[in-house]
Amino acid sequence: MRNLTERKQSDFPISPSGIGVVLRHFSEVDSTNRIARSWVGERVAESGFVDGGVVLADSQTMGRGRQGRNWQSSPGQNLLLSVVVQIREPLLSNHVARGMLPLATALAVSNTLSHFVAPESVKIKWPNDVRIDGLKCAGILVETVADEAFIIGIGINVNEDSFSDELSETATSLLLHTGQRQDRKAVYAELLRSLNDWIPRVFDRDHAGILAEYTARLAGINQPITLHTPTEVVHGMLVGIHDDGGLVVEQAKDRDRPEGTSSARKVYYAGDVSLTHRLD
Ligand code: BTN
């Protein structure tokens, strides 16, 4: 690894077990997701495991977001971390966990933010943006390392006091929302607790529980939605989440044809679509 400043001692908390039991805390990295990926590679080569390991950074020079976007964060103000979850069952991992992990993570982040702001103001915009009063406060980027591990990247805007022109209308932080600086270590401790609550449920196959809680937190449920896919623009109703993490949209059928039902449901996936409606 090049140009990294790993802190010799971290004053951030360590979990007694599970996620956060091992912490690598850097002052600056390019991307915690990239560091976590190479950490998995090193340990696998030594036949070791880093399950539950966390890479935390005070600042990133090339923070990665979904759909090729970047993640901006002022040094030392926010939470930037990646959690390594080792894959134990390849069958589960490929399909169900890939869909469920982002949902469970979004719930963990939502519950974390709900400790600092009014819980009813915290909503998830599918698939895993966490918003406060309709403004994005946290983002999640889940990646896989072959059949070895998931990397769950989480960025939470804690004490960011301003955003670029491009983001200023759509983003917020705990500071901007509450008017008070928050202790990053306290937010991190709450996040570890919530992750240790939600992530094991993916592997314990509590998918119904995850989906029920996620749907209860989902912005725009049972409301009109517009989706842009690579080939079409879809107008419909957001009616739920499929157990593989897809968005279930109901569309009116051709009303001139009397036979059959008047609507059809279709599932859309995060990599394929973007939402253009504000789901507040
Ligand atoms: C998004 O909403 O587009 C996802 C953003 C994810 C950002 C976090 S910050 C820590 C981790 N390392 C990265 O490079 N990205 C994720």
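What percentage of the contacts in the protein with a separation of 6 or more is accounted for by residues 24 or more positions apart? For this structure, which is a predicted model, the share comes to 63%. Keeping that in view, let me go through the overall architecture and then turn to the ligand.

The protein is built from five helices and 13 strands, and of its 280 residues, 50% count as buried.

Now to the ligand, which sits in the largest pocket. Its surroundings comprise 20 residues, the closest being Ser31, Thr32, Arg64, Arg66 and Lys136. If we ask which elements supply at least two residues each to this shell, they are the helix α1, spanning 32–45, together with the strands β4 (79–86), β7 (135–145) and β8 (149–156). Of the contributors, β7 gives the most, with four residues.

Arg64 places a backbone N or O atom 2.7 Å from a nitrogen atom of the ligand, while a polar backbone atom of Arg66 lies 2.6 Å from a ligand oxygen atom. Gln60, by contrast, uses its side chain, in which an N or O atom is 2.9 Å from a nitrogen atom of the ligand. Taken on its own, the ligand has 420 Å² of accessible area, and the protein covers 99% of it.

Definitions and conventions. Residues are numbered from 1 along each chain as its sequence is written. This is a predicted model: local features need pLDDT of at least 70, side-chain atom pairs count only at pLDDT 80 or more; totals for chains, interfaces and linings use all residues. Side-chain values use heavy atoms; hydrogens and water are left out. Buried means under 20% relative accessible area, exposed over 50%, partly exposed in between (1.4 Å probe, protein chains only). Contact means heavy atoms within 4.5 Å. A residue is near a molecule or strand if one of its heavy atoms lies within 4 Å of it. A polar contact is a pair of N or O atoms within 3.5 Å; within protein, one must be able to donate a hydrogen and the other to accept it, and residues adjacent in sequence count only if both atoms are side-chain atoms. Accessible areas come from the Shrake-Rupley method with a 1.4 Å probe; for residues, only the protein chains shown count as cover. On a 1 Å grid over the protein atoms alone, a cavity is a set of points where a 1.4 Å probe fits but cannot get out, and a pocket is an open set with protein on both sides within 12 Å along at least five of seven lines; lining residues have an atom within 4 Å of a point. A molecule sits in a cavity or pocket if more than half of its atoms lie within 2 Å of its grid points.
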